[in-house]
Amino acid sequence: MTETATTTTTTTHLMTINMGPQHPSTHGVLRLLLELDGEMIVKAVPHVGFLHRGVEKLAEYRTYHQCIPLTDRLDYVAPFSNNLAYALAVEKLLGVQAPERAHHIRVLLCELTRIASHLLWLATHALDIGAMSVFFYCFREREEIYDIFEMVSGARMHLSYIRVGGISRDLPGGFLEKTHAFVTGFPARLDEYETLLTDNPIWKKRTVGVGVISAEDAIDYGLSGPSLRGSGVNWDIRKSEPYSSYDKYNFSVPLGKNGDVYDRYRVRMEEMRQSNSIVHQALNILPRGDFLARIPNVTLPPKEDVETNMESMIGHFKLIMHGIHPPEGEVYSSIEAPKGELGFYIVSDGSSNPYRLKIRPPSFVNLEALPKMVEGRLLPDVVATIGSLDIVLGEIDR
Amino acid sequence: MDIEPVSTAIKTRFPEAITGSHIFRNELTLIVKKDSIVDIARFLKEDEALDFDFLSDLCGVDRVATDNVFEVVYHLYSLKKNHRIRLKVHVPSDDPCLSTVTGIWKTADWHERETYDMFGIAFEGHPDLRKILTPEDFEGYPLRKDYPLDGRQPTTLRDTYRKGEA
């Protein structure tokens, strides 16, 4: 390393500094080992794993339904997406489908989640770069979404609302009005954020041309989600392999051009507008009907039946005590989570626990490309670039 | 996207190296001989009709109890053709090693490090094969089936944690 450094740099004095794991702009417990020549990054080595809880190991000792709360704790700012990705994988393994109403509710809540996740990204990203007021605005709106989540599931962060075969309970009264009020007011709020940042010369100086990655490199490094689309690659799983009922919604996939921090910012801002429009459409077309499919040995029977009908009571008992027994086989199913391709690979041996559960977390893969984006750039660019990748250590370390 | 032609194309090109294939829930799985993985991976990426330019995931599965092997599983995707495939390689449990695919997809780097960390499967030719999720002095491979759920670490590591030096 020293040899290459002496040829490319002006001084032979390289300084190694440790950024994180307790550093506010590393968005959790990310540790970066930076080799610096003055302010220039010669080498960046990410160290992860500080939050490793062995989720994949734990899942092997739980029934299929008991794994749902584990998924909340992956990308903890987008729990609905995690729940959905897992539920879809198990449904694929079982060969079952959720009812129509559940599909639309899932889409509605996942898009609200995308907005909440992107708001947290924008808030912290802007804060890292020095625009503090954006943080307060974003948290004001995020709070409204969290109130909606609390109304729906009873929890604010770890929701575990989605079930295999549907959702745990129907939407509460007052939900539609509250959500409608939010989506009506939100586009104006987004415009407000943009007045603070989009044409702000300081913001542009810190983001345009920073953390650049080309489309070819982005694909090679396995980037997905807004981080990939910032480089102009048109890939969104909601469009390419529509799940739930995304094929019934009308939305566009915003793309960047230069693959820099600024383009990733523009992509996410536009994504929030698109998500807002999807939520709006979902409110209008939300069909009536069951929210949980009635599949014996997979979904719990309705509570009234359990109290009045012997068969249902036995079914309920057996499902709680022994869990679901999917057929032997393996599936990989992925969704477009706010951060990219979130995939679940489940291997079943026919028992009530997954034989193997592998999570493909988008943040883990996106972070891998960080050294490529920052090497040869200045130290402050590292902060801007980490922010633009929108990582969550909960899903990186699992 | 129809997956049958994909399967046929690979089998025609590598009749020897594909030892099995099956389709479950419309997902194609090919079982590949250990020595051929790099050739097949390169073919899958470079062939224009297949065009698997995106490595979605790479992981291990412990099959020691039944077949005395570890499986290394590759999930590939083609951005242009919008199709997926799963490749599997069986590596013997007494000598778990195979060639790296980092030369074909850069993203394989961290995935292979994770598989090494969790299963102790060595990837020959990997540029920087280190543990990634567990601490440096962690002993054992936690996702192997013989590793107990509540862990087993030497006292030295526990002492290190207690003193806060890790």
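**Exercise 1. How many residues does each chain give to the contact, and which elements of chain A take part?**

Step 1. Chain A brings 32 residues to the contact and chain B brings 25 residues; two residues are in contact if their C-beta atoms, placed from the backbone, lie within 7 Å. This is a predicted model, in which local features need pLDDT of at least 70, side-chain atom pairs count only at pLDDT 80 or more, and totals for chains, interfaces and linings use all residues. Residues are numbered from 1 along each chain as its sequence is written, and chains are lettered from A and ligands numbered from 1 in the order in which they are written.

Step 2. On the side of chain A that touches chain B, at least two residues each come from helix H2 (55-59), helix H9 (215-220), strand S6 (329-337), strand S7 (340-348), strand S8 (356-360) and helix H15 (362-368). Helices (H or I, at least four residues) and strands (E, at least two) are DSSP runs, numbered from the N terminus.

Step 3. S6(A) supplies the largest share of that side, five residues.

Step 4. By type, the side of chain A that touches chain B holds twelve nonpolar, nine polar and eleven charged residues. Here Ala, Val, Leu, Ile, Met, Phe, Trp, Tyr, Cys and Pro count as nonpolar, Asp, Glu, Lys and Arg as charged, and the others, Gly among them, as polar.

**Exercise 2. Find which strands pair with S5(B), and in which sense.**

Step 1. Start with the strand itself: S5 of chain B spans residues 84-92, and eight of its nine residues are buried. A residue is buried if 20 or more other C-beta atoms lie within 10 Å of its own, exposed if 12 or fewer, and partly exposed in between, with C-beta atoms placed from the backbone.

Step 2. Strand S2 (residues 27-32) of chain B runs parallel to S5(B), joined by four bridges; two strands pair if DSSP finds at least two bridges between them. B:Leu30 has B:Leu87 as its bridge partner in S5(B).

Step 3. Strand S4 (residues 69-77) of chain B pairs with S5(B) in the antiparallel sense, over nine bridges. There, B:Val73 stands opposite B:Lys88.

Step 4. Six residues lie between the strands of the S4(B) and S5(B) hairpin, where B:Asn82 has a positive phi near 55 degrees.

**Exercise 3. Is A:Asp390 buried or exposed?**

Step 1. Locate A:Asp390 in the loop between H17 and helix H18 (393-397) of chain A.

Step 2. A:Asp390 counts as buried because 27 C-beta neighbours lie inside 10 Å.

Step 3. Now check the backbone: A:Asp390 has a positive phi of about 55 degrees, although it is not a glycine.
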